Each structure stands twice: as C-alpha cells, then as structure tokens.
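Subject: Structure for you to look through

Hello,

Here is the structure I said I would pass on. Please open it first, then read the notes under it.

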Amino acid sequence: MLLESSEASPWRVAWTVATILCISIVTRSVYRLFFHPLSKFPGPKLTAITHLYEFYYDGIQGGQFMWEIIRMHQKYGPIVRINPREIHIMDPYFFHQIYHTGVQNRDPYMVNISTAPQSTFSTAEYKLHRPRRGILNPFFSRQSVFKVENIVHEKVEKVIGFLETAHRDSSAVFLDDVFAALTADIISDYVYGKSLDILDDKELRNPMRAALTGGVSLCHLLRFFPILIKLLDPIPSVIQLLKPITKGLFDMKRDVEIQSKAAIHKSIHSPTTNPPRTIYEAMTDASVPPEEKTMERLRDDGLIMLAAGTETTARVLTMGAFYIYRDEVVLRALREELVGAMPTPDTKLSWTQLEKLPYLSAVVKESLRLSGSITIRQPRIFPTKPLVYEDYTIPPGTPVSQSIHLVHMNPTVFPNPEKFDPTRWLKSPEDGNRLDRFLVSFSGGSMNCLGTNLAYCELYHMFAKLVRRFDLKHVTELEDVKITRDFIIGLPDEDELKVESHVSDIIQ
Ligand code: HEM
C-alpha cells in the first residue's frame, strides 16, 4: 500500500502541475480574448492569445513575422493587434504621430534584440535614454560631421583606389564588402580616433561585419528568451559552440572591452578636456554619474555605434549601386549631372555642394527607401497618454509600432514601390508630392538614428565619386538581393547581402 502510493506520487504531481498549467493557459487566453484592454482591436484570435504565433514566424521560420503582419493588415485593415500586447498600424500618414519627440519609451521586450543591453539603443525608458543620448548628440550634429568630412573624403579615395586596382587586375569585387570596409573604417576613426583600416587589406577582412552577422543571427532568440542576454557575457564559448556564426561578435566585444577599460582608466588618472574631445571622454566626464561610467556602458555604446555605423550605410550604398548600374536611364542621368558638377575625376566637392545636386539627392533618397537597412519594427510606448487612431483609442502603456520598410513599400505613397525610380523624388512639392516626410529610414522623434548626418555625408560622397568615375557590370541578379527575411536588417535568402561586380570602365 505504502509502495503503491509512493510510486503513484510523481504521476500525481505531474498531473497536478499539468492541470494547473492548463487552467492558467485557458484563464489567460480567455482574459486576453475578452477582457484585455486590447480585446476590441482587430486581429487573429491566435495572435491575441499567445506570443507563440510570432515566435513561430520569427524564431522558427526565421524572420518571417513582418510578412505575416502584412497579411494581417490585408485581412483586418490598417490597425491590428499583432500579439497579445502590441498594436501595429500600417498607415504612412500616421508614422510621425507614433515616432515623435514627446514622452515615449521603447518596448523593453523589443530592445532585447541587441546583444548590447547597456547601450543607448537598448535603453527603453525615456528618462534614462535622454541623458545617455544627450552625451552622444553633440558628436553627431551636422556641424560635427563637417569637422570630420576630411575622414570621409580620405576613405572614399581609398575605395576609388581599390576599384582602380580591381579594374587593372580584372578581378571581381563584392560591393557589399567594399562599402562595409569604408563605413567601418570611418566609424572606427570617428568613435575611437583610430581607423580599423580594412580598406588597406586586399581581402577586406572586416571584424565589424563578422560581429554584426553574429549579432543579428541571435536577435529573435534574444527577444523571446532574454535570459540568453545574461549568458552572453559569462559563457560566450557555449553560445559560439551552438552558433559558430556568432564568433565575430565575441571577438569584437573583447576588443571594445579593452578600449573601454582604457578609457575609464584614462578618465581616472588624467582629467578630461573641457569640452570633451572624444566620445569616450564625454562618456567618462566628471559630470556623468558614476553608475553610468562602467565598462559595460562604454562597451555597449561603442559596439552599437560601430555596428550601426557600418552595415546600415554600407547596405544603402550596396543596394543603391546595384540599382543604379542596372538601369541605363538612371545611370546616364546621374552621370550627366555629376560630370557637370565635377568636370575632372578628381574635382573635390563638399557635402553641402553635393546636396544641391537634385538627381544625386533623389538617388540617395531612393537608395535609402529600397535598402531595407532596418526592417524590424521598433515599438513605442506612451506611458501616460492614450494614442488615438481613427475610431480606436490605444491605452497608455501599449507598445505601438509601424515598420519602416512597410512605409517605404506603400503603393499609395510610392506607386510601383519595388521599382528604383529616383524621379519620384523630383516631382514638385507644390503638386502635393511632399514625399520627404515618408522617407523614414532613420525613424523619427527623440529615439531616432544618432548617425543620420554622418550617414548622409557618406552616401553623398561615395555615390558621387563612384558614378563619376566607374562603370560597373553586376554578376548578382535581382532575385539575390530581394529582402525575404527580417533580422533587424533585411536579409535575402542568404545570411548576408552580397553584390558581385566587375569594374568595366574608368571614366575620365
Ligand atoms: C543609412 C544608414 C542608417 C540607417 C538607415 C539607420 C537607421 C536607424 C534607425 C531606424 C534607428 C532607430 C531605432 C529606433 O527607432 O529605435 C537607428 C538608431 C541608431 N543609429 Fe542608425 N542608421 C544609420 C546609420 C547610422 C550611423 C552611421 C550611426 C553611427 C553612429 C548610427 C547609430 C545609431 C545609434 C547609436 C542608434 C540608437 C539611437 C538611440 O537609441 O538614441 N546609425 N538607426
């Protein structure tokens, strides 16, 4: 009798646990469906009940939820409850009402996509985000970028040299590697005062790119299992073993850690200049509270600036160059404008002079629109006030999002959105074509992109020199660059965007 009851007890415990679990799932589902503040919002019942729906598309299918969101909007209209706690709106006219400069937080679950939890980018609360961002802002203003325009010039010239060599040797070039080398060299010089000098390496081995590829491959896992973020620091080798693609990330983390420790050491032993000259000096300035001057803070902001400053802009250059050289009409129009403004191949124009060229500006905008640099949605939470959209009042505390990529692909605002058509930006604003407000590559509001000015400066200089100087013939086809997966950045079927080309001619 005694034996019988002790044998039965594990089953009984399991049975009891399973029953409690079932009851709690059913109770929670009923609550989410009928009593939750979002229960009246349109959307599939399953998404309202469980996050597993999203996990299936992003975690298992690999970055597919964005396309599922499109299907939901096609069925339910412009406002949809895409998971138990989040509302997505697909209406480009409503983008800036969500992403504005007022009081708003990031969604704490969504910031888990980054492997740098102490960074400004991963700071959800506006109260903490504001002072962190305040330290970095002065280094990325338009005026500050003017001061380092010479760095951009110098690195762009290195790219020109690289492409000339490729032409002489009749060797293939991967444009994505060339542009990622350019942007990594610039941002490392900018942040640390010491360039990675990838453009000096014939093989363009790029630790930043390797780190980013590793980092983004983890993004959905980190979002659904944030505990993994805590494990990244103590047991990187286990993660590397499970996902070898992440090796570059850990190598980079270690390098940035060394730089961060050195900056902290310097701030303790030699006083900083006033005003601080470098970003690290500013982050370790005497005015910054001690809890903000940790190695993790410096490392994580350093990592994000390096990563965000590398792949995003490189992506726009790669996609832009891909499209420009596939279309004779676009190439001719841009070349004509550039030859007019730069009569000799080595004419040096400033960023402000380049910005005055209308066709080049249109090409920059169209490249930004189609590049899919950041595809993941970045929800905002209004902590105290409701947000009203049409007949719907979204309660305070609700994450609300609108995907940048979906704004850019909206056929009402951008007819034939898949087509690379710079002329759409040349139509007169007086005719109602105020398209600029729908170009939201850098997001909007107080949590928008820190590096917007630097990115524009790089894009203008690189596109101008490239098209003024070279003819390219691509090996890569349109199908190979098509964005089919959302891993923070838009990825094609392969793990990286690759564009292979040959330099077919040099223009004098
Ligand atoms: C074409 C190039 C770029 C694109 C499309 C882009 C896009 C974005 C977007 C959409 C965000 C906002 C995320 C959000 O809404 O929460 C962002 C944030 C950020 N970007 Fe960029 N970015 C680019 C270039 C750069 C560059 C060159 C840097 C160099 C430092 C940079 C650094 C950052 C940082 C640090 C943040 C976080 C800002 C914060 O949390 O306050 N980005 N970027």
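A residue counts as buried when its relative accessible area is under 20%. By that cut-off, 4 of the 5 residues of strand 9 (residues 470-474) are buried, so strand 9 is largely enclosed by the rest of the structure. Strand 9 pairs with strand 12 (residues 500-506) in the antiparallel sense, over 5 bridges. Within that pairing, Leu472 has Val503 of strand 12 as its bridge partner. Please keep in mind that this is a predicted model.

The whole chain

The chain contains 22 helices and 12 strands. Its radius of gyration is 25 Å, close to the 23 Å that the globule rule gives for 508 residues, so the chain is as compact as a globular protein of that length. The C-alpha trace spans about 95 × 60 × 45 Å along the principal axes. Of the 508 residues, 55% count as buried. The accessible surface comes to about 23,500 Å², and carbon and sulfur atoms hold 59% of that. If you take the contacts with a separation of 6 or more, 74% of them are between residues 24 or more positions apart.

In what order do the 5 strands of the open sheet lie? The order is 1-2-8-5-3, and the pairing is mixed. Strand 1 (79-83) and strand 3 (105-106) are the edge strands, each pairing on one side only.

Start with strand 1 and strand 2. A hairpin of 2 residues joins them, and they run antiparallel with 4 bridges between them. Arg81 is the residue opposite Ile87 in strand 2.

On its other pairing, strand 2 (residues 86-89) meets strand 8 (residues 399-401) in the parallel sense, over 2 bridges. Here His88 stands opposite Ser401 of strand 8.

In a regular strand the side chains alternate between the two faces of the sheet.

Helix 4 (residues 65-76) lies across strand 1 and strand 2. Helix 4 runs at about 140 degrees to strand 1.

Helix 16

How far apart are the end C-alpha atoms of helix 16? They are 43 Å apart. At 1.5 Å a residue, the 30 residues of this helix (295-324) should span 44 Å, so the two values agree. Is helix 16 largely enclosed or exposed? It is largely enclosed by the rest of the structure, because 28 of its 30 residues are buried.

Ser367

Ser367 has a relative accessible area of 1%, so it is buried. Leaving out residues up to four places away in sequence, Ser367 touches Val316, Gly320, Phe420 and Phe463. Two of these contacts, Val316 and Gly320, can be looked up in helix 16, which covers residues 295-324.

That is what I have for now.

Regards

Note on methods. Residues numbered from 1 in each chain as written. Predicted model: local features only at pLDDT ≥ 70, side-chain atom pairs only at ≥ 80, totals over all residues. Heavy atoms only, no water. Pairing = 2+ DSSP bridges. Contact = heavy atoms within 4.5 Å. Axes fitted to C-alpha atoms, helices over the stretch in contact; angles between N-to-C directions. Expected span 1.5 Å × (residues − 1). Buried < 20%, exposed > 50% of the residue type's maximum accessible area, 1.4 Å probe, protein only. Rg over C-alpha atoms; globule rule 2.2 N^0.38 Å. Areas by Shrake-Rupley, 256 points an atom, 1.4 Å probe, with all protein chains shown as cover.
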